[in-house]
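I opened this notebook page to record what I looked up in the structure shown below. The entries follow the order in which I checked each topic.

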Amino acid sequence: MNVVPVHAPDTLPIIFERGLVGVYHDWCESFGTYPRTYDLLHADHLFSRLKNRCKQPVSIVVEMDRMLRPGGWSIIRDKVEILNPLEEILRSMQWEIRMTFAQDKEGILCAQKTMWRP
């Protein structure tokens with residue numbers, strides 16, 4: 001499932017041309033996934049695009065936590081100043097940070113949701 005943010009460049013026609021499924025979504029709102037959970041979420045500059053609209057990045061991370069099954073992965077590519085607080089938020093939610101990589105002002109963070117719940 002490919003989810004294109006409503007305020008991002010429109011790439012959904014390209015997704016459809018390749019025979020894939022996709023939807024538009026406002027990430028500041030909840031995402032109806034019932035009864036499905038997902039194995040992988042890939043966010044390419046999602047947090048920097050929504051920085052001015054969604055005041056708290058934790059609300060997006062909580063939504064990601066709800067959507068992913070235990071053991072699921074999240075790959076986040078964004079600016080380094082966005083990734084550093086995200087890493088702290090993910091650790092506080094008991095996610096395991098598997099890899100971080102930064103070059104110049106961009107970076108990648110790979111995290112895995114654990115089975116632990118409070």
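**Entry 1**

I began with arginine 91, which is partly exposed at a relative accessible area of 46%. For this and later entries, buried means under 20% relative accessible area, exposed over 50%, and partly exposed in between, with a 1.4 Å probe and protein chains only. I note that the model is predicted, so that local features need pLDDT of at least 70 and side-chain atom pairs count only at pLDDT 80 or more, while totals for chains, interfaces and linings use all residues. Residues are numbered from 1 along each chain as its sequence is written, and side-chain values use heavy atoms, with hydrogens and water left out.

I then looked up the partner of arginine 91 and found a salt bridge with glutamate 87, the closest N and O atoms being 2.8 Å apart. A salt bridge here is a side-chain nitrogen of Lys or Arg within 4 Å of a carboxyl oxygen of Asp or Glu. Both residues belong to helix 4 (residues 80–92) and are four residues apart, about one turn of the helix.

**Entry 2: the other salt bridges**

How many salt bridges does a search of the whole structure find? I recorded eight. One of them joins the side chains of aspartate 26 and arginine 53, at 3.0 Å from N to O. Aspartate 26 lies in the loop between strand 2 and strand 3, and arginine 53 in the loop between helix 2 and helix 3, so this pair ties together parts that are 27 residues apart in sequence. Aspartate 26 is buried at 19% relative accessible area, whereas arginine 53 is partly exposed at 37%.

I also noted the salt bridge of lysine 113 with aspartate 65, at 3.9 Å from N to O. Lysine 113 is in the segment after strand 6 (106–112) and aspartate 65 is in helix 3, so the pair ties together parts 48 residues apart in sequence. Lysine 113 is buried, with a relative accessible area of 7%; aspartate 65 is buried as well, at 10%. Finally, I found Asp44, Arg77 and Glu106 linked in a network of salt bridges.

**Entry 3: cysteines**

I searched for disulfides, defined as a pair of cysteine sulfur atoms within 2.5 Å, and the count came to one. The disulfide is formed by cysteine 28 and cysteine 54, with sulfur atoms 1.6 Å apart. The pair links distant parts of the chain, 26 residues apart: cysteine 28 is in the loop between strand 2 (22–25) and strand 3 (38–44), and cysteine 54 is in the loop between helix 2 (46–49) and helix 3 (57–67). The link is left-handed, with -105 degrees about the S-S bond.

Is cysteine 54 buried or exposed? I recorded cysteine 54 as buried, at 8%, and cysteine 28 as partly exposed, at 28%. Cysteine 110 counts as buried at 13% relative accessibility.

**Entry 4: the whole protein**

I counted four helices and six strands, where helices (H or I, at least four residues) and strands (E, at least two) are DSSP runs numbered from the N terminus. From the N terminus on, the order of elements is β-α-β-β-α-α-β-α-β-β. Of the 118 residues, 40% count as buried. The C-alpha atoms fill a box of roughly 35 × 35 × 25 Å along the principal axes.
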